[in-house]
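Me: I'm new to this structure and would like to learn how to read its features. Could you walk me through it?

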Amino acid sequence: MNLLKCRSGLRALSQLCHSSALSASAKSKLLLAGVPEVQLQESFALRGFAQLVSFPLAQTGEGISECELVAWAVKPGDVVGPFDKLCDVQSDKAAIEITSRYGGVVTALHHHVGAMVKVGAPLVDIEVADDVQVAPEHLKAAAEAVATPPVAAVAPAAALAAAAALDLSPKACGGAFGANSSSGTPPSTATVTATKIAVQVTSAPAAAAAMAAALAPTPPVRPDTPPPPPPPTEEGGRPQASPAVRAFAKQNGVVLAAVLGTGPGGRITRGDVVQYLEQRQRREAAEAAAEGEEDEDEEGEGQVVLQARHFLGPAGGGGGGGGALQQQQQQRPGRGRSAEDVLSAYKRLSAAEAVRGGGGGGGEGESRVVPLRGYRRAMVGAMTAAAALPTFHLHDEVAMDRLLAAREVMRGALEPGRQRTAMGGPAAAGAAAASAALGGGGLRLTVLPLIIKALSAALSLHPHLNASLAASGTDLLLHPHHNIGVAMATPTGLVVPNIKQVERKSVAAVAAELALLQQLAAAGRLPAEALRGGSITISNIGTIGGTYATPLVSPPEVAIVALGRMQLMPRYPHMNHSPTAAAAAAAAGPAHRGLPSANSSFGGFGGTGSGRGGWNESSAAAASAAPVPVSVMPVSWGADHRVVDGAALAAFNNCWREFLEQPERLLLHLA
Amino acid sequence: MSRPVLNILRLCRLPIYTQLHLEEALLRATKDNWLIINDGAFNPAIVVGISGRPPELVQCDEAVRYGIQAIRRFTGGGTVVIDHDTLFSTLIMQGSSLPQVDCFPQPIMAWTEQLYRPAFAAAGCPDFALRENDYIVAGGRKVGGNAQAITGRRWVHHTSFLWDFDPERMGLLRQPAKAPQYRQGRDHLDFVTRLRDVLPTRGARQRLVEGIVSSAAALGFDLQERTLADAAPALRHPQLLLGTKLLDLRTFVAPDGDGPQRRTT
């Protein structure tokens, strides 16, 4: 805060003090009210302190009409902030802590310990700043007028400026003169103030003189001011502060004994340390910076508006520099600064940032501790184990158009309202059973159950991927059942419940069980047996995002596949070498374009067996074809290389991909 | 829709003073949820509520002659005399973990009924219920003493279930001035009941403890079993405004040895 900026205000105050237009008690309240860091940090439009709040005992639950007051946590004169503890009350079996809704100064307690307080009856009187929102029912009926009208405009502004100025002094003197500066008598405080100010404002002796002159008359009119709370000490002489505040002070090299505490019981709050830091920073800046003109930028007559930015020293500016003008003047000689200047500017920047970070009243700037519990904690252990085995990866893409088309057909059969009444007999019964299994309808069949069933079909042909390495390390255990795990992200972490014996289940049954597991996982109620006994895992990370991944195999399984996000991509259609096949492919509907024809073998340019044509012909044919849109799903395999080799995994992947790209093949596996 | 974590601490024969200290520390110094079950205290003690005035609640001179420990706890409620046959169950909860429960005495107590009723049913007592801030079983007999402390959005609700009690020690207490309506003027021994009479089958005490834990799981918590070592660091936290205190009943005894006017319990 710029003391010099308040010079005009202080001049006004000195005149007022002589005229004693302000009541003594009002001044004392103003001065006290300047103390809380909460108010100082906020931007102030000074209108003075005019609200007296009678804070009532709030409703503590239905049926409770009164409570016994067990203990007070505040006394008159204490400064409270919002949510600070006021007292403990007891209602029957409950001891309840009552906290304040408002920040301000406690002026009166309405009950003694042991009294029965009716719910809604006033508990304490708190004086709050005028700009604090107060519920009308809390305003005390006969509000003590703090400022009489004639002096309304000037006096409160000036008075608060003075309050702020004088507030500054105990802290400043706290810094310079140690913990026992305020022995309790106002005059000594004021005296110290004047001295301190003289020391601080080296570059404006005129202002200092005016200030000292302005301050001098004030002590006589504050005879009844309760002394500012002395820096608190415990029996060991240690200032009282919470561990967080201690750490913050230590971080910034602040000795707690030098800081004046304004918290309840004189405790040192974080804001007090921040205040101390500000002053120290300003002191250092004032000493280091070049002389700047003290521009008295008075904003409006008789109204000095103190903004937060006045308190938080700008990075390059001088101590307490008010407003941009001073800043500019400081920086005018800024070009061609020496390294020392740059260094001290950086130091000020860091200090300002520390102050600003604290002044925001927000986070500490320390890392937040989030305990790992439940699935997250389990993941730490599981992934450590997974990292121990040699994993290799294989990536591929699957054209999903035909599978999506097949799904639409199945949906037509399963979902109510789309069920054709013409279906009768076992088909209808089966479909009804399946839709009942899917939660009575309304559950959309996604493509995942189809992928899972296709995986199972592929595992039947490649059983070595549904296996585990025996503990001996020399045997492979081929599991009879395909317990396919599906990775699910829940708010509490990653879980992989598995669907048991997929080889025996229909797609509808798989879909139903998957839906149940998803609901249980979301609710956090997965039973242990759902998490045990998996033999292979699918991770549909694509629903969240991403294309290719490098999933980690979870032992004792040997393979895992991650499905990336399905996207429409342009792909050149696989051309059969025979022109007729090409024509057929071209003539086929969009759903069939771009897919390997039924005759093609695995991947790439796999030959059709037709010897006709050769490389050149097919590429020529391909060159004339246009790319077509294909729903491409990227897949990423991970496998345990102790057990699975690349060829085996590639063969398995091809087999599975064929089932996905030509779902009719699954008909061959209907058991 | 994340499941809140409930830390389970199973204890046996922990001294009640230590337990209360620990509970207060966990309430004030942590933000975790705890279910603490202490199957029997180590030594007999009289425990008065935070605002209890011992001369009104305890036969102080007799208690001094008996040599029983007296403690003031940090929660409200009345006076209990406890020993190795008292089963303690404590819930320390962050309000945000139970968004449907307001941080007020009655809603909290109503919620705890949902915890204890299945537990009692599992142990063999189907008619556990809440009435006027007490847990009762058949015939309107009280089975446990309850107390709470609520600070901001965090609360503790602890219960002492009398599996059995010593009538001589029970006689050290005075009748409290306020009696619940459902007591209907009954004598104390007709008003409270021993749990061992309510759950007479063998192993019921252990089943009750297990039942409380299972009930907590069923209420949607993610249970984490903890040990005293996990909980104890809370005690090292400084500046715990401690309500848990040892009481010296001798300070309440008149110098000539005669206690204040006695009322028959």
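Reply: Happy to! Let's begin in chain B, where Y116(B), F120(B), F128(B), Y135(B) and F161(B) form one aromatic cluster. Keep in mind that this is a predicted model, in which local features need pLDDT of at least 70 and side-chain atom pairs count only at pLDDT 80 or more, while totals for chains, interfaces and linings use all residues. Residues are numbered from 1 along each chain as written, chains are lettered from A in the order written, and side-chain values use heavy atoms, without hydrogens and water.

Me: How many aromatic pairs does the structure hold over all chains?
Reply: Rings of Phe, Tyr and Trp (its six-membered ring) pair if their centres lie within 6.5 Å; planes under 30 degrees apart are stacked, over 60 edge-to-face, and the rest tilted. Here there are twelve such pairs over all chains. One of them joins W637(A) and F652(A) edge-to-face, at 5.2 Å centre to centre and 70 degrees between the planes. This pair links distant parts of the chain, 15 residues apart: W637(A) is in strand β19 and F652(A) in helix α20. (Helices, H or I of at least four residues, and strands, E of at least two, are DSSP runs numbered from the N terminus.)

Me: Are W637(A) and F652(A) buried or exposed?
Reply: Buried means under 20% relative accessible area, exposed over 50%, and partly exposed in between (1.4 Å probe, protein chains only). Both W637(A) and F652(A) are buried.

Me: Which residues have the most contacts inside the largest nonpolar core?
Reply: A nonpolar core is a set of buried Ala, Val, Leu, Ile, Met, Phe, Trp, Tyr and Cys residues joined through side-chain atoms within 4.5 Å. The largest has 62 residues, and those with the most contacts inside it are F120(B), W155(B), F161(B), L195(B), L199(B) and L208(B). Helix α4 (residues 105-123) of chain B gives this core its largest share, eight residues. A second, separate core has 48 residues, including L514(A) and M633(A).

Me: What lies over the face of F248(A)?
Reply: A charge sits over a ring if NZ of Lys or CZ of Arg is within 6 Å of the ring centre and within 35 degrees of the ring normal. For F248(A), that is R270(A), at 3.8 Å from the ring centre.

Me: How many disulfides does a search find over all chains?
Reply: Look for cysteine sulfur atoms within 2.5 Å of each other. The search finds zero. C67(A), for example, has its closest cysteine sulfur in C87(A), 9.2 Å away and so too far for a bond.
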